[in-house]
Amino acid sequence: MNLLTTLLAFAVTLGILVVIHEFGHYWVARKCGVKVLNFSIGFGKPLFVWKNPKDPDQVEWRVSAIPLGGYVRMLDEGDESCLPIKSEDAKRTFNSKNVWQKFAIVAAGPASNLLLAILLYSIIFFAGTTDLLPIVKAPLPGTPAAYAAIEDGDKILAVDGKPVSTFSDMRLEMLKHAGQVIDLEVESSDGNVRGKRIDLAGLKLEEDEPGKDSFADLGVELKVGDPYIRDFVSGSVAEKAGLKKGDTVLAIDGKKITDIKQLVNLIREYPNREATFTVLSADGKKQDVTFTPLAVEDENGKQIGRIGAVFGVDLPKTTVSYGLFRSVWEGAKKTWDTAVFSVEMIWKMLTGEVSVKNISGPVTIADYAGQTARLGLEPFISFLALVSISLGILNLLPIPMLDGGHLLYYSVEIVTGRPVSERVQMAAQKVGIAVLCGLMFLALFNDLNRLMP
């Protein structure tokens, strides 16, 4: 079932993004008076072909066999299959248009992806989204957050002068300033607002180990409530011992519980060993309950303790919702911030500050599409917006064969007044093919590497 969800989510993601991108080219081309011959989703042999009988140009709409992209084919004198061109169509070829029209047609694809992201984020902001507040727990001694005198329950209001309203926004802004010393505006739990300076020298854009988070080393972690019992496995030893739903676990054998991960790890240390759980009930009564966790084997054959309880924590959440115009503004702002961050990451990859291991291919995209689809509509829409931005930025890179490569040619023509020669374009095209093949190979290699245990 998970595999089916992943495949369907990937197909929907790819389908929407390709259609929007190519429709941008198609729509502007038609507005500029260019005759469009084919609109294809996918490459290779057409599986489905349709023509609108009312369309005088008889554009051929296709769904093709290889679903990794698409194209819009326009009437062009450089395309031998278009020759001979009818006299009435002479002014409707792509190459007959001026450089500004060509620029607009090519730029319309990436621009459509960015506009789609704005639309999707606007929908989320208008409908209302639940996010985590940027409230942090007490930092461990010796961490940069501890040296900055950040305290338990502090709410981060601004990072380097930029206001933040959610925990994810706070992290993104801090990542933009990785390696720098910055100022934070912080509101303490008693309502006092003050400025604090923190050194982000240890903050990394990428982690050395899977699952590692350098924000923990920084001492900036989300403050969550104490772990409580949300449910029981039927017939569990915890329920039989007298624990109840809603009980907050404060300590085990006198060892204070700080978070849910520590609680689970501590229980694992008591296979067939009696332990005293100090709990606080939902009505405020504190009591000690002594019982023996069961012994089970983990994946490595080691004996660990289990009590048959499902734990939960309360998170500092906020609902973000705006009116129509504010939603569009916030959607545009989030799209801009994400696009700028993507460009910065690409630059840091080129300069060696960030590893090229961060480049992802279709396998990773499919995996994330499936994961977000299973989480719900809002996470999937957010993922779709993020990938749409990435596709738009990728296509704007000045690499021959991509839209950005053609835009580079037209920019040179606008400046010099002369088009780039065919000889230069042909040479650059070979380089572009080599670069794209290399990127595709690297992306697939990274995808497969992530699948390795």
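**Close-up views of a predicted model**

**View 1. Asn38 in strand β1 of the predicted model.** At 4% relative accessibility, N38 counts as buried, because the cut-off for a buried residue lies at under 20% relative accessible area. This residue has its place in strand β1, which spans residues 36-51. Leaving aside residues up to four places away in sequence, N38 touches V59, E60, R62, Y71, V72 and R73. Two of these neighbours are also partners in polar contacts: the side chain of N38 makes such a contact with the side chain of E60 at 3.4 Å, and a further polar contact, of 2.8 Å, joins the side chains of N38 and R73.

**View 2. Ser342 in helix α8.** S342 is placed in helix α8, the element formed by residues 324-350. With a relative accessible area of 18%, S342 is buried, since that value falls under the 20% limit that the term requires. The side chain of S342 reaches the backbone oxygen of T338, and the distance between them is 2.9 Å.

**View 3. The crossing of helices α4 and α8.** Two packed helices are described by the angle between their axes and the distance between the axes. For helix α4 (residues 167-176) and helix α8, the axes come within 11 Å and cross at roughly 35°, and the crossing of this pair is left-handed. On the α4 side the contact involves D169, L172, L175 and K176, which meet K334, D337, F341 and E344 in α8.

View 4. Of the 453 residues, 39% count as buried, and both N38 and S342 belong to the buried class. Among contacts with a separation of 6 or more, 61% are accounted for by residues 24 or more positions apart. The protein exposes about 25300 Å², and carbon and sulfur atoms supply 60% of that area.

Methods:
Residues numbered from 1 in each chain as written. Predicted model: local features only at pLDDT ≥ 70, side-chain atom pairs only at ≥ 80, totals over all residues. Heavy atoms only, no water. Helix = DSSP H or I, 4+ residues; strand = E, 2+ residues; numbered from the N terminus. Buried < 20%, exposed > 50% of the residue type's maximum accessible area, 1.4 Å probe, protein only. Polar contact = N/O pair within 3.5 Å; in protein donor to acceptor, adjacent residues only side chain to side chain. Axes fitted to C-alpha atoms, helices over the stretch in contact; angles between N-to-C directions. Left-handed = near helix turned anticlockwise from the far one by under 90°. Contact = heavy atoms within 4.5 Å. Areas by Shrake-Rupley, 256 points an atom, 1.4 Å probe, with all protein chains shown as cover.
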